[in-house]
Amino acid sequence: MVKHNNQLPKNHFHKDWQRRVKTWFDQPGKKKSRRVARSKKALATGAAPLQRLRPAVRCPTQRYNIRIREGRGFTLSELKLAGIRKKEAKGLGISVDHRRRSKSEEGQVLNVDRLKEYKSRLVVFPRKQGKPKSGDAQGDDLTSHITRESLPLPASYTAEAPRAITEEEKSTTAFVTLRHARAAQRNEGARQKRLKEKEAAEKQK
């Protein structure tokens, strides 16, 4: 690369551009071939779900966290609360992410309910016909109607009906409330330390 404030070199990169240009004329054909491949794969998998079950997570950053999207996989704590083992989950079409952590109780409850609903709808065919193991479907479940569609994502929030603003809501300031809560959390350690020192001084007296 050129150093300092010198004249730019006259590189003639536009010569013979017809030989260097990238074409994409096979895009419609590739689109169709991918769709046909997906259909063949779906038919070959039998009654298995078309997609793996994924958790409902909030989008990152304050701008987008009102939206809910599919996450990479369920946490180990969510699987434990739903009564599903990690190795068993992989065989049942449930995605697992051992790195993710459940940081809110609401999100954890939402995903645990999602796992339980999926498990209630699940029909596990025995590996050998007539020899079902524990957890395999039996009886009418094997001949009942089976849907292969994945569970839809829950609504991101529940809409509230219009109403009049109360006097308490008018007098409350959200910014000040948040500042007080953050300050209380930040100073909790120093407050506990002062209380212990005060108790120790009273015992010495």
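Which residues does Leu92 touch, not counting residues up to four places away in sequence? We will get there after a look at the whole chain.

Welcome to a predicted model, where local features need pLDDT of at least 70 and side-chain atom pairs count only at pLDDT 80 or more, while totals for chains, interfaces and linings use all residues. Residues are numbered from 1 along each chain as its sequence is written, and side-chain values use heavy atoms, leaving out hydrogens and water.

**Start with the whole chain.** Colour it by secondary structure to find nine helices and two strands (DSSP runs, H or I of at least four residues for helices and E of at least two for strands, numbered from the N terminus). Their order along the sequence is α-α-β-α-β-α-α-α-α-α-α. Turn the model around: the C-alpha trace spans about 90 × 80 × 50 Å along its principal axes.

**Next, the buried residues.** Buried means under 20% relative accessible area, with a 1.4 Å probe and protein chains only; 15% of the 205 residues count as buried.

**Now select the largest nonpolar core.** Show Leu53, Phe74, Leu79, Ala82, Ile84, Ala89, Leu92, Ile94, Val112, Leu115, Tyr118 and Leu151, the 12 residues of this core (buried Ala, Val, Leu, Ile, Met, Phe, Trp, Tyr and Cys joined through side-chain atoms within 4.5 Å). Helix H4 (76–82) and helix H6 (105–121) are the elements that give two or more residues to this core, and H6 gives the most, with three.

**Finally, zoom in on Leu92.** Leaving out residues up to four places away in sequence, Leu92 touches Tyr118, Leu122 and Val124, where contact means heavy atoms within 4.5 Å.

Technical notes. Buried means under 20% relative accessible area, exposed over 50%, partly exposed in between (1.4 Å probe, protein chains only).
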